[in-house]
Amino acid sequence: MWGFGLLRSPQLLLLLPQLGLGNISSRLQAGAMSQGGIGGARCSPSAEGRRPRCLQLSTVPGADPQRSNELLLLATAGEGPQRRNLPGNPAKEEPQPPPQHHVLYFPGDVQNYHEIMTRHPENYQWENWSLENVATILAHRFPNSYIWVIKCSRMHLHKFSCYDNFVKSNMFGAPEHNPDFGAFKHLYMLLVNAFNISQNGLLSRKGNVWNKDSSASNCRSNSSTSNGCPGEKERTCENFDESAMSFYPPSLNGASFTLIGFSKGCVVLNQLLFEWKEAKKDKNIDAFIKSIRTMYWLDGGHSGGSNTWVTYPEVLKEFAQTGIIVHTHVTPYQVRDPMRSWIGKEHKKFVQILGDFGMQVTSQIHFAQEVPSIENHFRVHEVF
C-alpha cells in the first residue's frame, strides 16, 4: 500500500474566509485536562492564505474514563456577528440557535495532524489528507455543519489506525466484531463530553479556556512518541481571545447527525451495525440513534481477510428499519484488488441486502477507468 509516489490531486477545496474559526488569535496548540482540553489546529488555507482554526480536544473520555479519544472540531454553523454585541438584555434579544447538524468523521490509515504527517518519512506523501485538511473538505461538502474528526486511539507503526475504543482490534487495527463491545455507548458519551468541554471553553468568561483553576498562559511542548511518529509533541494549553469566537457552541438538543467512515474508519460504522439491536434499548442512545440521518461508507478497507463490509442479513435487517439513508462510495483500489477479491464481493452484497430490505442506499464507484491507486483512494473525499 505504501509504495506509491506523491499525490498529484487537484487543489483542495478551500473554505471561505468568513467561516467561524478564522479569527482566533495566535497559533494555539492542543491542551490536556482531566476531562479533555481545547486547543487550536490550522485547517486548509483560505483563499487569502490564512487558515481557519480547528478546535482540538484532547483526552476526551467516553463511557469508560479509561477509553478516550482526541477530536478535532471545525464549526461552520451559526457563525456571524448577530451573536455578539447585542444591545439590551442578551437573554431576551439574542436569537435562539437553530437546530444543529453534526458530521462525525472517522479517518483511515496514516491520517494524522498535518504537522505530524509532514515530519514522517513516508506519510508526508499524503499530507494533503491530514485531519485538518479533510475537515476543511467536509466543511465545504456539508455547509452550516459542525465537523468532528474522531481520531483513532492508537496508530500502529505510525501508519495503521486502530479504533480500539470502538471495536476489538488486532495489532494492525483489523476488527473482530461482536454485538456487545460498547461502541455506541462510547460514541454517545464521547460526544456528550466533547460538547460539554467545548461549551465550557467557548462560553467561559475567563481568558483561559481549559478550566477556572488553570494558570497556563503559553503553549509548552514536550517530546512524546504517543499516537504518532517520534517527536510528536504533547501540548499544553494557552489563552486565546474568546470574543473572536462567533459560532454557537455545540449542543445535542434537537441536533441531527451524519456519520462518515473512510477506509479503516469504516470499521467503526460496521461495529455500530452489529450493536444496533441492543444499543437502542438504552433510551439516551436510542434518542441519539434516531437523530442519525445519513451514513457514508467511503472506500472501506482493512488488513483482515473478511468483514470489510457487513453482510449478515440479521444485522442488516435491523439496520434497514431505521430509515437512515446510506451512501457507499468506492474506488478500484479496494473493490477491484485481485489480492483482496472479497472486498468487492462484500460491498456488492452489502448494498444488495440493504436494498432488498427496502433501505434507501446508493452505490457509486469512482475513477473506474483509471489504474487503482492510493491517490484515487484518498481522492474519494473530493468526489463523494
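This tour goes through a helix, a surface patch and a few salt bridges. Keep in mind that you're looking at a predicted model.

**Stop 1: a bent helix.** Select residues 266-279, which make up helix H5. H5 has 14 residues and runs 19 Å from its first C-alpha to its last, close to the 20 Å expected at 1.5 Å a residue. Now center on Leu-273, where H5 bends by about 35°.

**Stop 2: a nonpolar patch.** Next, select Leu-157, Met-171 and Phe-172. Together they form a nonpolar patch on the surface, with about 300 Å² of accessible area. Zoom in on Phe-172, which sits in the loop between strand S8 (168-169) and strand S9 (175-176). Phe-172 has a relative accessible area of 33%, so it counts as partly exposed.

**Stop 3: salt bridges.** The structure holds 10 salt bridges, and here are some to click through.

Start with Glu-122 and Lys-159: their closest N and O atoms are 2.8 Å apart. This pair links distant parts of the chain, 37 residues apart. Glu-122 is in the loop between helix H2 (114-119) and helix H3 (131-141), while Lys-159 is in the loop between strand S6 (154-156) and strand S7 (160-162). Which side of the pair is buried? Color by accessibility: Lys-159 is buried, with a relative accessible area of 12%, whereas Glu-122 is partly exposed at 29%.

Move on to Asp-164 and Arg-154, whose side chains meet in a salt bridge at 2.6 Å, N to O. Asp-164 lies in the loop between S7 and S8, and Arg-154 in strand S6, 10 residues apart. Asp-164 comes out as partly exposed, with 24% relative accessibility, and Arg-154 is partly exposed as well, at 26%.

Finish on Glu-176 and Lys-168, another salt bridge, at 3.7 Å from N to O. Glu-176 is partly exposed at 39% relative accessibility.

Technical notes. Residues numbered from 1 in each chain as written. Predicted model: local features only at pLDDT ≥ 70, side-chain atom pairs only at ≥ 80, totals over all residues. Heavy atoms only, no water. Helix = DSSP H or I, 4+ residues; strand = E, 2+ residues; numbered from the N terminus. Expected span 1.5 Å × (residues − 1). Bend = angle between axes of the 7 residues up to and from the residue. Patch = residues over 30% accessible without salt bridge, like charges linked within 9 Å, V, L, I, M, F, W, Y side chains within 5 Å. Areas by Shrake-Rupley, 256 points an atom, 1.4 Å probe, with all protein chains shown as cover. Salt bridge = Lys/Arg side-chain N within 4 Å of Asp/Glu carboxyl O. Buried < 20%, exposed > 50% of the residue type's maximum accessible area, 1.4 Å probe, protein only.
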